[in-house]
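Trainee: Can we go through this one together? I'd like to start with how the helices pack.
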Amino acid sequence: MANISKLEFMALDISGKNYLSWILDAEIHLDAMGLGNTIKDVNPLNEASSQEKAKAMIFLRHHLDEGLKAEYLTVKDPADLWNNLKERYDHQKTVILPRARFDWLHLRLQDFKSVSEYNSAMFKITSQLKLCGETITDEDILEKTFSTFHATNMLLQQQYREKGFKKYCELISCLLVAEQNNELLMKNHQSHPTGSSPFPEVNATSSNYNGRGSNRGRSRGRGRGRGRGGGRKKKVENVCHRCGMTGHWSRTCRTPKHFVDIYQASLKYKEGKNAETNFVQNYFSEDQLEMRHLDVADYLANTEGTNGVMNGDGSTQFFP
């Protein structure tokens, strides 16, 4: 059956693996409630009342595993319950202490990726040692930290030693601040590595242009073919839209009309207009024209050996 009210801390497990932390939490809460004397040996000068003992018993049983509640069902005095649990689980100190000593011996700052991880491990190990009755001072912790700096940071370790820290909390605060500053420097370096060009500023870019988005300041001095390459215009061939030949415009074209009709029909043929294509095919036989191979040489071949004069309307007048 689940506990009715909320637990103030984790209940004592039947295996006793959390016994050391449990007795510490229980003792602190009982003292805060004014019931600390209920779990101590009987003292005629400071004996707890029956009402105080009942409140302490309710609190302790509320923070026990369901199996432990059943085992100590007949115990009604909080001091008796406290002593019974101590006799049953106090051997945990002999189990935890060797492991805590081993961890303390091999604890090194250089083995951790961050100062915060090292600090967390330090407090965990020292807490276990203190619960088992070991005495760990700030001087011990400072020396442990200084002596386990990485070999590449020997100069830095000497500088921290010279500051003369008396408390571990002062040293760890400096190390945490230094670590944060180093991370910030690395982020700035990665975002803009040494030697790389900075991104162009918006104002510097837009200052070369006027409000309309054109670069008038530069174009004035280089206009009309006076700038670099400004006067070098690519020569454009004159293409007649009437016959397709180069060298003249359509308004001065004197190509015979039947060749013009051939050229215009070929354009319509390429555009897929079947009506015009049929017109060309009906107008000329296959042996007279193959439009896909129309060339200037065809025009010269057809006009070779003829005597005539080109009229203004595009027709040709031949002479015998």
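Mentor: Helices (H or I, at least four residues) are DSSP runs, numbered from the N terminus. This is a predicted model, where local features need pLDDT of at least 70, side-chain atom pairs count only at pLDDT 80 or more, and totals for chains, interfaces and linings use all residues. Residues are numbered from 1 along each chain as its sequence is written, and side-chain values use heavy atoms, with hydrogens and water left out.

Trainee: Which hand is the crossing of α1 and α2?

Mentor: Right-handed. Helix α1 (residues 19-32) packs on helix α2 (residues 50-62) at about 150°, and the axes are 11 Å apart. That makes α1 roughly antiparallel to α2; the term covers angles over 145 degrees, while those under 35 count as roughly parallel, 65 to 115 as roughly perpendicular and the rest as oblique. Axes are lines fitted to C-alpha atoms, for helices over the stretch in contact, and angles run from 0 to 180 degrees between N-to-C directions.

Trainee: Which residues of α1 and α2 meet?

Mentor: From α1, Trp22, Ala26, His29 and Leu30; from α2, Ala56, Phe59 and Leu60. Contact means heavy atoms within 4.5 Å.

Trainee: Now α5 and α6. At what angle do they cross?

Mentor: Roughly 140°, with the axes of α5 (residues 92-105) and α6 (residues 115-131) coming within 9 Å. That makes α5 oblique to α6. The crossing is left-handed. Among the residues making the contact are Ile96, Leu97 and Trp104 of α5 and Met122, Ile125 and Leu129 of α6.

Trainee: Switching to rings. How many aromatic pairs are there?

Mentor: Six aromatic pairs, counting rings of Phe, Tyr and Trp (its six-membered ring) whose centres lie within 6.5 Å; planes under 30 degrees apart count as stacked, over 60 as edge-to-face and the rest as tilted. Phenylalanine 149 and tyrosine 160 have ring centres 6.2 Å apart and planes at 40°, so the pair is tilted.

Trainee: Where do phenylalanine 149 and tyrosine 160 lie?

Mentor: Phenylalanine 149 is in the loop between α7 (138-146) and α8 (154-162) and tyrosine 160 is in helix α8, so the pair ties together parts 11 residues apart in sequence. Phenylalanine 149 and tyrosine 160 are both buried.

Technical notes
Helix = DSSP H or I, 4+ residues; strand = E, 2+ residues; numbered from the N terminus. Left-handed = near helix turned anticlockwise from the far one by under 90°. Buried < 20%, exposed > 50% of the residue type's maximum accessible area, 1.4 Å probe, protein only.
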